Amino acid sequence: MSDEPIGIDELLERVRSGYERLGPQEASTAAAGGALLVDIRYAELRERDGLIPGALVIERNELEWRLDPRGSHRVPEAVDHGLRVVVICNEGYASSLAAESLHRLGLYRATDLVGGFQAWRAAGLPVET
């Protein structure tokens, strides 16, 4: 392993190669099948653009604390490491890093939404304003 720093683009490429990302329709289908959609956008974006019905809102700085099945601050939905989680940010960048972080906690089925909330909305999927 090199001690040479890498840029964010290379980091994203490496992170994303470790799991299969979902498009908007795939994420919707996954949610219908029991996957947990997790919106990590900050409040201003949620207020401006709306929410995905049924998505659990957990801001990015709390994500690992809330989804760790062994954590003392976990949400009730975080029942085991096999939980299917689809992380959603605004455009699909921060969510990739967040999904990788969940993998490190053992949430091996975590993934993210390609294009984030903006892609969901552009696909005509439901949004609550």
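**Exercise 1. Which ring does the charged end of Arg-41 sit over, and how far is Arg-41 from the ring centre?**

Solution. Start at the charged end of Arg-41: it sits over the ring of Phe-117, at 3.9 Å from the centre of that ring. Keep in mind throughout that you are working with a predicted model.

Next, stay with Arg-41 and look at its backbone oxygen. The side chain of Arg-46 reaches this oxygen at 2.5 Å. Arg-46 itself belongs to helix 3, which covers residues 43–49.

Finally, classify Arg-46. Its relative accessibility is 17%, and the cut-off for buried is under 20%, so Arg-46 counts as buried.

**Exercise 2. How many aromatic pairs does a search of the whole structure find?**

Solution. A ring pair is described by two things, the distance of the centres and the angle of the planes. Here there is no pair to describe: the search of the whole structure finds zero.

**Exercise 3. Find the loop that holds Arg-21, then list the polar partners of its side chain.**

Solution. Step one is the location. Arg-21 is found in the loop between helix 1 and helix 2.

Step two is the surroundings. Arg-21 has a relative accessible area of 18%, so it is buried.

Step three is the contacts. A polar atom of the Arg-21 side chain lies 2.9 Å from the backbone oxygen of Gly-92. The side chain of Arg-21 also has a polar contact of 2.9 Å with the side chain of Asp-112.

Gly-23 lies between helix 1 (8–16) and helix 2 (24–32), and Gly-23 is counted as buried because its relative accessibility is 16%.

**Exercise 4. How many salt bridges does the structure hold? Work through three of them, deciding for each partner whether it is buried, partly exposed or exposed.**

Solution. The structure holds nine salt bridges. As background, side chains of opposite charge can pair when their charged atoms come close.

- Arg-48 and Asp-49: their side chains meet at 2.8 Å, N to O. Arg-48 is exposed because its relative accessibility is 56%, whereas Asp-49, at 7%, counts as buried.
- Arg-60 and Glu-64: the closest N and O atoms are 2.9 Å apart. With 30% relative accessible area, Arg-60 is partly exposed; Glu-64 has 19%, so it is buried.
- Glu-62 and Arg-66: the N to O distance is 3.6 Å. Glu-62 has 34% and is partly exposed, and Arg-66, at 25%, is also partly exposed.

**Exercise 5. Which residues form a nonpolar patch on the surface, and about how much accessible area do they have together?**

Solution. The patch is formed by Ile-6, Ile-8 and Leu-11, and their accessible area together is about 230 Å².

Now take one member, Ile-6. It is found in the segment before helix 1. Its relative accessibility is 34%, so Ile-6 counts as partly exposed.

Technical notes. Residues numbered from 1 in each chain as written. Predicted model: local features only at pLDDT ≥ 70, side-chain atom pairs only at ≥ 80, totals over all residues. Heavy atoms only, no water. Helix = DSSP H or I, 4+ residues; strand = E, 2+ residues; numbered from the N terminus. Buried < 20%, exposed > 50% of the residue type's maximum accessible area, 1.4 Å probe, protein only. Patch = residues over 30% accessible without salt bridge, like charges linked within 9 Å, V, L, I, M, F, W, Y side chains within 5 Å. Areas by Shrake-Rupley, 256 points an atom, 1.4 Å probe, with all protein chains shown as cover. Salt bridge = Lys/Arg side-chain N within 4 Å of Asp/Glu carboxyl O. Phe/Tyr/Trp six-rings, centres within 6.5 Å; stacked < 30°, edge-to-face > 60°. Lys NZ or Arg CZ within 6 Å of the ring centre and 35° of its normal. Polar contact = N/O pair within 3.5 Å; in protein donor to acceptor, adjacent residues only side chain to side chain.
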